[in-house]
Amino acid sequence: MIKAFEKPIYVTRPFLPPLEEFCNGLKEIWDNHWLTNNGPILQRFCRQLSNYFETDNVCLFNNGTLALQIGLEGMGIAGEVITTPFTFVATTHSLFWNKIRPVFVDIEPDYYTLDPEKVEAAITPWTTAILPVHVFGHPCNVNVLADIARRHNLKLIYDAAHAFGVRVGNRSLAHFGDMSMFSFHATKLYHSLEGGMLTFQDSGLKSILDYLKNFGFKNEVEVVMPGTNAKMNEMQALMGSMILGYLDGLIEKRRKITEIYRERLNDISGIKLPPRLPADVKYNHAYMTIEIHEKEFGMSRDILYEELRKYNIHTRRYFYPLICDFPCYRSISVKDPLTVARLVASTILNLPIYYDLQLEDVHRICNIIIELSSKESNRQNTKLKAKV
Ligand code: T4K
């Protein structure tokens, strides 16, 4: 029997730059005596991100949830918005806080993004926008969604929380749709402790978003709209700015981890991996997901999740339950049977993936999963033989 890990292996672990480098950065904050409210480090960080995303239309926030909430408000989205139930709760919460009715439709089975065919069927006279999620960094069907949005005169706002660094046809995902939200939360591939960013096509939105995240202040004496406080501070900007320099290395390490998981788990009966992404997609390897199909694997996803915990491996079931099944959203009527989303939510398992996860530990995690599956199928075979 393979031994349990001595220290917990979590689904993720934030990358941190060398402490000395961060402390040197802190000196700048101490010298400036400027901690928040559009400080010099934030302004520099914003320019770095503008360069990285090749757009001036960038606005930073203290987290991704408020970024999305304010983005929807800034664009004046109301009525109904078509969205996915297979996402983190914050996607739907941001609609709720804007008094917008979410209309949940199904996802497609390979990459778990919104199914465009289902979107088109769900449009009503009250629909004002589509809110798809590039879930796990898998790009949505951006061209088909853009076509639907254009034909029906709807806004297209992407929750790109997981998609930092992902490119389609050599263009960052920030260039698709009317607006995209990226999360810089500590658990993300790329982070600024906490943080969020909006990118958008209409440069007229910039000042509105700046007002909304800063109480609506235009200057010391004028408040032009009822804004809130969603500003990123200098410490966050410092961390984000520093980690940008490490991004390529972070993605490369994750790619190596993903390859091991793929190689070791691809042929295991009852495990389904997402197919490889099309060649024109530069992926960020933000998450490592597998589906566990009980009949063939010999054990349910939930039992495997529990068994792995005994080995000190803390996987996650992102995203289970579906958002529409949370008590606070259960009263919303859902017309789509959500067949794919329901199946995926009950089979998905996120395996550990992070920068300093050792490659031999990835092999050990695979060995444990394989051992658990063969132990279970041996047990079932013995049971079957006993019956005969
Ligand atoms: N849209 C989507 C699609 C999202 O996925 C998210 C956030 C948002 C919107 C909203 O963006 P933000 O407002 O968060 O910027 C985590 C994150 O808190 C959340 O940001 C993320 N999605 C979601 C998918 O995952 P939890 O509740 O699973 O986090 P937690 O605290 O259980 O952390 C997961 C594991 O990470 C822990 O088991 C251990 C490890 N960990 C975590 C933290 C915070 C560390 O090792 N160190 C740490 O500092 O939600």
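Where does Phe319 lie? Select Phe319: this residue is in the loop between β14 (313–314) and α12 (339–347). Helices (H or I, at least four residues) and strands (E, at least two) are DSSP runs, numbered from the N terminus. The model is predicted, so local features need pLDDT of at least 70 and side-chain atom pairs count only at pLDDT 80 or more, while totals for chains, interfaces and linings use all residues. Residues are numbered from 1 along each chain as its sequence is written, and side-chain values use heavy atoms, with hydrogens and water left out.

The peptide bond from Tyr318 to Phe319 is cis, with omega near 5°. Next select Tyr320 and Pro321, where the connecting peptide bond is also cis, with omega near -5°. Pro321 lies in the loop between β14 and α12. Most residues other than glycine have a negative phi, and most peptide bonds are trans.

**The ligand**

Now select the ligand. Of the 25 residues around it, Thr65, Asp159, His162, Ser183 and Tyr318 come nearest; a residue is near if one of its heavy atoms lies within 4 Å. An N or O atom in the side chain of Tyr318 is 2.5 Å from an oxygen atom of the ligand. For Thr65, a polar side-chain atom lies 2.6 Å from a ligand oxygen, and for Arg316 the distance is 2.8 Å. The ligand taken alone exposes 920 Å², and the protein buries 75% of that (Shrake-Rupley method, 1.4 Å probe).

Colour α3 (64–74), α4 (89–96) and β9 (179–183): each supplies at least two residues of the shell around the ligand. By class, that shell has ten nonpolar, eleven polar and four charged residues. Here Ala, Val, Leu, Ile, Met, Phe, Trp, Tyr, Cys and Pro count as nonpolar, Asp, Glu, Lys and Arg as charged, and the others, Gly among them, as polar.

**Two residues with positive phi**

Move to Phe136, in the loop between β5 (127–131) and α6 (142–151). Phe136 is not a glycine, yet its phi is positive, about 60°. Its relative accessible area is 0%, so Phe136 is buried (under 20%; exposed is over 50%, partly exposed in between; 1.4 Å probe, protein chains only).

Finish at His285, in the loop between β12 (281–282) and β13 (288–292). Phi of His285 is near 55°, again a positive value in a residue other than glycine. His285 counts as buried at 11% relative accessibility.

Note on methods
A polar contact is a pair of N or O atoms within 3.5 Å; within protein, one must be able to donate a hydrogen and the other to accept it, and residues adjacent in sequence count only if both atoms are side-chain atoms.
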